[in-house]
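Me: Let us work through this model by question and answer. Here it is.

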Amino acid sequence: MIRCPIFSGHQPPALKYLNVPTKPNYPSVEKLDYPSLPLKSHNPLLIPSHKLKKPLQYFIPPSSTTMDSTTSTESEVAYDIPPILKVYKNGRIERLAGFEVVPPGLDPETNVESKDVVIAEKDGVSARLYIPKTTYPPTQKLPILVYFHGGAFIIGTPFSPNYHNLLNNVVSKANVIGVSVHYRRAPEHPVPIAHEDSWSALKWVASHIGGNGVEEWLNKYGDFEKVFVAGDSAGANIASYLGIRVGLEQLPGLKLEGVALVHPYFWGTEPLECEAERAEGTAKVHQLWRFTCPTTTGSDDPIINPGQDPNLGKLACGRVLVCVAEKDLLKDRGWHYKELLQKSDWPGVVDVVETKDEDHVFHMSDPNCDNAKALLNQIVSFIK
């Protein structure tokens, strides 16, 4: 591969903690078809495969004309999940989307500053922190938004342009401190490792209660009485999980004010209305879940099916926002989540907002469209 730094005039962000696993871990299937999701790549720069032992750098793959005969065996594909990932028979993993990264810093459009931090270097857990600079230092404590990116538990990082821009905008409009979490991803690190990493990240945030943490922004300016967790797709699944775990285990001094779930990745064995009409797509989602979580009991695993979680009513917050999209195969799961909460002993209020004529995570692929701006404003209003 050819080394290709992409930040002219800047040092690359500290991505050495995007941990490189030593061996693959994935189920024994020959091919996995994946439903087409609107997850777009931005350029050909790739985060390298897990077989590399050095810290991550910026790479472009060699062209076919530059490959020698020793690479021929690397082209044999064992598992194919278009348009997300390929796993080759020699164990090399190639992510096909969600791989571009941008550096942190001061965003001139939103006047939000960001920086990268290591949470657990051994496990490769990290985050990008955001703080609004319009009034700095803040005259009062700011709510904290802990965000978890989507990508089917397989692709994406907080350092990609779309998530970086999303957090800049939310932090600016909602006037909050943002913590965008990078967790380890499948298939090298199968689910529920992502959930455990995210729990570690939330505990790390809580470690700053009383001003005793390592990050000045959280120590000085974070309001731990007003903490929100949010995410999209797989990240929304994680956010729900964390809301329940806070209710079960508690984080003394941290009050979870609300949970925002955007196009949440929930599933189940019994098909809901829109799923029954799209049999091919539902079969692919069943396969995808088993790929990312090889030890699962199936699509009624409580991690993916909140209806099977006996602790759902322990959700720690008082407010939940669920955003769904009309054309999304997962739409009914969002509506069903509201029904499940209302039937449980959870005492809070849950609202569902549906965007017409849009598909799964449309706001990531087209963040400047009117519907994406409206979705952003709904999240901001929920926080404020």
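**Aromatic pairs and ring contacts**

Me: Are Tyr147 and Tyr163 buried or exposed?

Reply: This is a predicted model, where local features need pLDDT of at least 70 and side-chain atom pairs count only at pLDDT 80 or more, while totals for chains, interfaces and linings use all residues. Residues are numbered from 1 along each chain as its sequence is written, and side-chain values use heavy atoms, with hydrogens and water left out. Buried is under 20% relative accessible area, exposed over 50%, partly exposed in between (1.4 Å probe, protein chains only). By that scale Tyr147 and also Tyr163 are buried.

Me: How many aromatic pairs does the structure hold?

Reply: A pair needs ring centres of Phe, Tyr or Trp (its six-membered ring) within 6.5 Å; planes under 30 degrees apart are stacked, over 60 edge-to-face, the rest tilted. On that rule the number of aromatic pairs is six.

Me: What are the centre distance and plane angle of the Tyr147 and Tyr163 pair?

Reply: Tyr147 and Tyr163 form a tilted aromatic pair. The rings are 6.3 Å apart, centre to centre, and the angle between their planes is 50 degrees.

Me: Which parts does the pair of Tyr147 and Tyr163 tie together?

Reply: Helices (H or I, at least four residues) and strands (E, at least two) are DSSP runs, numbered from the N terminus. The two residues are 16 apart in sequence.

Me: What are the relative accessible areas of Phe266 and Tyr337?

Reply: Phe266 is buried, at 3%. Tyr337 is buried too, at 0%.

Me: Over which rings do the charged ends of Lys115 and Arg319 sit?

Reply: The test asks for NZ of Lys or CZ of Arg within 6 Å of the ring centre and within 35 degrees of the ring normal. Lys115 is 4.4 Å from the centre of its ring, that of Trp217. Arg319 is 4.6 Å from the centre of its ring, that of Phe382.

**Sheet and helix**

Me: What is the strand order of the open sheet of three strands?

Reply: Two strands pair if DSSP finds at least two bridges between them. Pairing here is antiparallel, and the order is S3-S4-S5.

Me: Which residue of S5 stands opposite Val87?

Reply: Strand S4 (residues 85-88) runs antiparallel to S5, with three bridges joining them. Opposite Val87 stands Ile93.

Me: How many of the 14 residues of H2 are buried?

Reply: The buried set includes Trp199, Leu202 and Trp204. H2 is mostly covered, and the buried count is 10.

Me: What is omega for the cis bond of Val191 and Pro192?

Reply: Pro192 is in the loop between strand S10 (177-182) and H2. Omega of the bond joining Val191 and Pro192 is about 15 degrees.

Me: Is Asp357 buried or exposed?

Reply: Asp357 is in the loop between S14 and H8. Its phi is positive, about 60 degrees, although it is not a glycine. At 54% relative accessibility, Asp357 is exposed.

Me: What is phi of Val361?

Reply: Val361 is in the loop between S14 and H8. At 2% relative accessibility, it counts as buried. Its phi is positive in a residue other than glycine, near 40 degrees.
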